[in-house]
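Please examine the sequence and the three-dimensional model shown below.

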Amino acid sequence: VVISRNPILSRLQIVNMLEEQGIKVVAWPEGPPEQPVGSSFSSDCFAAGAGITGVDFALAETGSLVVTSLTEGSQLASLAPPVHIALYRRSQIRGSLDEVLQNLPVSRDPGRPSPARSVVFATGTSRTADIEQILVRGVHGPRDVHAILVEDSCLAG
């Protein structure tokens with residue numbers, strides 16, 4: 001399992017819980033926000049059976065999960081493994097795309113770059129029927145996506 005750097009994961013002690021169950025965990029490397037040179041995190045993401053992340057927002061009108069590189073480090077933990085598990089809080093739910101776009105950490109000033117290099121809107125698994133009208137799921141990104149609401153009481157203490 002690969003784990004992003006989202007603060008909710010450390011607050012819930014996800015790494016410790018998984019390791020206690022005998023599950024091998026690779027967490028986003030400590031240190032600066034950028035991935036350290038020579039880090040194997042990218043290849044670990046492609047080799048993992050599951051990725052666990054937080055989200056920046058959960059979009060109610062479409063069921064989309066909004067994940068940025070600002071909070072996660074990179075979106076590979078949400079896109080490369082066949083299973084993506086995303087944790088979110090009620091305070092992160094937004095009703096409309098307009099609300100999400102208003103709250104994204106995107107600079108409107110060309111002289112000041114945005115703190116998040118990239119933003120992914122994930123609405124379930126990818127699917128295509130391009131070849132002979134046969135539906136194929138999970139071609140791009142995970143085959144299974146699970147969104148878990150974490151109540152504030154789980155974070156208390």
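## Basis of the description

The model is predicted, so local features need pLDDT of at least 70 and side-chain atom pairs count only at pLDDT 80 or more, while totals for chains, interfaces and linings use all residues. Residues are numbered from 1 along each chain as its sequence is written, and side-chain values use heavy atoms, with hydrogens and water left out. Helices (H or I, at least four residues) and strands (E, at least two) are DSSP runs, numbered from the N terminus.

## Salt bridges

Side chains of opposite charge can pair when their charged atoms come close. A salt bridge is defined here as a side-chain nitrogen of Lys or Arg within 4 Å of a carboxyl oxygen of Asp or Glu. The structure holds two of them.

| Salt bridge | Closest N and O atoms |
|---|---|
| Arg89 and Asp152 | 2.9 Å |

In the pair of Arg89 and Asp152, distant parts of the chain are linked: Arg89 is in the loop between E6 and strand E7 (93-94), Asp152 is in helix H7 (residues 152-155), and the two are 63 residues apart. Exposure is judged by relative accessible area (buried under 20%, exposed over 50%, partly exposed in between, with a 1.4 Å probe and protein chains only). Arg89 counts as partly exposed because its relative accessibility is 24%, and Asp152 counts as partly exposed at 48%.

Glu151 lies in the loop between strand E11 (144-149) and H7, and Arg90 lies in the loop between E6 and E7, so the pair ties together parts that are 61 residues apart in sequence. Glu151 is partly exposed, with a relative accessible area of 30%, whereas Arg90 is exposed, at 51%.

## The second largest pocket

Rolling a probe the size of a water molecule over the atoms shows where empty space is left. On a 1 Å grid over the protein atoms alone, a pocket is an open set of points where a 1.4 Å probe fits, with protein on both sides within 12 Å along at least five of seven lines; lining residues have an atom within 4 Å of a point.

The second largest pocket has a volume of about 150 Å³. Of its 14 lining residues, Leu79, Ala122, Gly124, His140 and Pro142 are the closest to the centre. Helix H5 (76-79) and strand E8 (119-122) each supply at least two residues of this lining, and E8 gives the most, with three residues. The lining comprises seven nonpolar, seven polar and no charged residues.

Val119 is found in E8 and counts as partly exposed because its relative accessibility is 31%.

## Two single residues

Is Ala86 buried or exposed? Ala86 is found in strand E6 (residues 83-88) and counts as buried, because its relative accessibility is 0%. The C-alpha atoms of Ala86 and Val55 are separated by 6.5 Å, although the two residues are 31 residues apart along the chain.

Most residues other than glycine have a negative phi. Gln13 is not a glycine, yet has a positive phi of about 55°. Gln13 lies in the loop between helix H1 (7-11) and helix H2 (14-20), and counts as partly exposed at 47% relative accessibility.

Definitions and conventions:
Points joined across faces, edges and corners; volume = space filled by probe spheres on them. Nonpolar A, V, L, I, M, F, W, Y, C, P; charged D, E, K, R; others polar.
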